[in-house]
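Hi,

Here is the model I promised to pass on.

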Amino acid sequence: MKILVMHGPNLNLLGSREKKIYGRTTLAAINSELAAIAKKNKIAVEFFQSNIEGELVGKIQDSRGKIDYIILNAGAYTHYSIALRDAISGVKAKVIEVHLSNIHAREKFRQESVIAPVCLGQIAGFGKDSYRLALEYILGR
Ligand code: DQA
């Protein structure tokens with residue numbers, strides 16, 4: 001079993017970026033919490049962050065046949081990247097969409113996720129725990 005955790009644009013700034021919305025935890029701290037859970041459960045986990053849409057698309061394409069599940073916070077691309085959506089459905093990747101904030105309770109433009117229809121499900125609004133909850137779902141499979 002291998003899991004890929006992918007973070008999209010601006011998530012590299014977690015911990016200093018809009019702390020009231022996204023919290024004080026850094027991306028490195030989120031990744032290390034997930035890595036510790038994965039290690040305890042003897043599953044492999046890989047991490048990837050990019051601010052570039054094409055790099056995220058490329059990583060999803062490369063995951064084919066190598067990765068069982070992707071935990072994806074696509075950041076702002078969630079709301080308009082048809083390229084990411086097509087990559088997910090094109091390689092039939094099993095993707096769990098996550099968000100730190102509850103996108104449905106925010107600005108209108110954040111309330112739509114163009115990737116949601118091609119993901120297994122969505123976890124949003126639990127801060128850094130959104131990632132952990134996604135991982136726990138996978139561990140339960
Ligand atoms: C986000 C929500 C997006 O609307 C925003 O663009 C982000 C972070 C979240 O985790 O809450 O960058 O995906």
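**Lys59 and its surroundings**

The side chains of Lys59 and Glu46 make a polar contact, at 2.6 Å. Keep in mind that this is a predicted model. Lys59 itself belongs to helix α3, which covers residues 53–62. If you skip its neighbours within four places in sequence, the residues in contact with Lys59 are Leu4, Met6, Glu46 and Phe48.

**The sheet**

Now for the sheet. It is an open one, built from 5 strands in the order β2-β1-β3-β4-β5, and the pairing is parallel. Which strands stand at the edges? Those are β2 (44–49) and β5 (121–124); each has a single partner strand, so one side of each is left without a neighbour in the sheet. From one strand to the next, the twist averages 20 degrees. In general, strands of a sheet pair through backbone hydrogen bonds, in either a parallel or an antiparallel way.

Two helices are worth a look here. Helix α6 (residues 129–139) packs on the sheet and touches β1, β3 (69–73), β4 and β5. The direction of α6 makes about 160 degrees with that of β4. Helix α2 (residues 27–40), for its part, lies across β1 (2–7) and β2, and runs at about 165 degrees to β2.

**The ligand**

Around the ligand you will find Arg17, Tyr22, Asn73, Gly75, Ala76, His79, His99, Leu100, Ser101, Ile103 and Arg110. By type, this shell divides into 4 nonpolar, 5 polar and 2 charged residues.

Here are some distances between an oxygen atom of the ligand and an N or O atom in a side chain:

- Ser101: 2.6 Å
- Arg110: 2.9 Å
- Arg17: 3.0 Å

How much of the ligand's accessible area does the protein cover? On its own the ligand has 320 Å² of accessible area, and the protein covers 99% of that.

That's what I have for now.

Cheers

Terms used
Residues are numbered from 1 along each chain as its sequence is written. This is a predicted model: local features need pLDDT of at least 70, side-chain atom pairs count only at pLDDT 80 or more; totals for chains, interfaces and linings use all residues. Side-chain values use heavy atoms; hydrogens and water are left out. Two strands pair if DSSP finds at least two bridges between them. Helices (H or I, at least four residues) and strands (E, at least two) are DSSP runs, numbered from the N terminus. Axes are lines fitted to C-alpha atoms, for helices over the stretch in contact, and angles run from 0 to 180 degrees between N-to-C directions. Contact means heavy atoms within 4.5 Å. A residue is near a molecule or strand if one of its heavy atoms lies within 4 Å of it. A polar contact is a pair of N or O atoms within 3.5 Å; within protein, one must be able to donate a hydrogen and the other to accept it, and residues adjacent in sequence count only if both atoms are side-chain atoms. Accessible areas come from the Shrake-Rupley method with a 1.4 Å probe; for residues, only the protein chains shown count as cover. Ala, Val, Leu, Ile, Met, Phe, Trp, Tyr, Cys and Pro count as nonpolar, Asp, Glu, Lys and Arg as charged, and the others, Gly among them, as polar.
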